[in-house]
Amino acid sequence: MNRKSQASHREAILTTAARLIANDRQQVYGTPYQNFGRIAQLWSVILGRAISRAEVALCMDAVKTARLIQTPEDEDGWIDKCGYSAIGGELSAL
């Protein structure tokens, strides 16, 4: 893959992640604030301590990392990691 196509591929991954977190996923699961809030509440009960929305994003990213160790060619995993990082950045600023 040449430099131009590498940059295009990186851009496609980021563009896909942006589309998914801003539109597709949000329509299905609610806003990240809502969805990660629900997850944080559930995990807080399970783990016996308060979990923040940003911690949910970090942990979801870790799940994707663990899966990508097994299958690093899985582009969807890389896309999801970009999405979780963006959402984590958003939620940590609240």
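1. Alanine 50 sits in the loop between H2 and H3. Helices here are DSSP runs of H or I with at least four residues, strands are runs of E with at least two, and both are numbered from the N terminus. Alanine 50 counts as exposed because its relative accessibility is 64%. The cut-offs are these: buried means under 20% relative accessible area, exposed means over 50%, and partly exposed lies in between (1.4 Å probe, protein chains only). Leaving aside neighbours within four places in sequence, alanine 50 is in contact with Ser44 and Glu55, where contact means heavy atoms within 4.5 Å. From alanine 50 to glycine 89 the separation is 39 residues in sequence and 19 Å in space, C-alpha to C-alpha.

2. A note on the source: this is a predicted model, in which local features need pLDDT of at least 70 and side-chain atom pairs count only at pLDDT 80 or more, while totals for chains, interfaces and linings use all residues. Residues are numbered from 1 along each chain as its sequence is written, and side-chain values use heavy atoms, with hydrogens and water left out.

3. The protein chain has four helices and zero strands, so read from the N terminus its elements run α-α-α-α. Along the principal axes, the C-alpha atoms fill a box of roughly 50 × 30 × 25 Å. Of the 94 residues, 29% count as buried. Among contacts between residues at least 6 apart in sequence, 47% join residues at least 24 apart.

4. The accessible surface of the protein chain is about 6500 Å², and 57% of this belongs to carbon and sulfur atoms. Areas come from the Shrake-Rupley method with a 1.4 Å probe; for residues, only the protein chains shown count as cover.

5. Helix H2 covers residues 32-47 and contains leucine 42. Tryptophan 43 is partly exposed because its relative accessible area is 26%. Not counting residues up to four places away in sequence, tryptophan 43 touches Gly48, Ile51, Val56, Cys59 and Met60.

6. Leu42, Ile46 and Leu47 form a nonpolar surface patch with about 360 Å² of accessible area together. Patches are made of residues with over 30% relative accessible area and no salt bridge; nonpolar side chains (Val, Leu, Ile, Met, Phe, Trp, Tyr) are joined within 5 Å and like charges within 9 Å. A salt bridge is a side-chain nitrogen of Lys or Arg within 4 Å of a carboxyl oxygen of Asp or Glu. Leucine 42 is exposed at 57% relative accessibility, and isoleucine 46 is exposed at 66%.

7. Glu73, Asp74, Glu75 and Asp76 gather in a surface patch of negative charge. Glutamate 73 is in the loop between helix H3 (53-70) and helix H4 (75-92), and it counts as exposed because its relative accessibility is 62%. Over the protein chain, the mean positions of the 11 positive and 10 negative charges are 3 Å apart. Lys and Arg count as positive and Asp and Glu as negative, without His and the chain ends; a charge is placed at NZ of Lys, CZ of Arg, CG of Asp or CD of Glu.

8. Aspartate 61 is placed in helix H3. It counts as buried because its relative accessibility is 18%. Aspartate 61 touches Lys81, Tyr84 and Ser85, not counting residues up to four places away in sequence.
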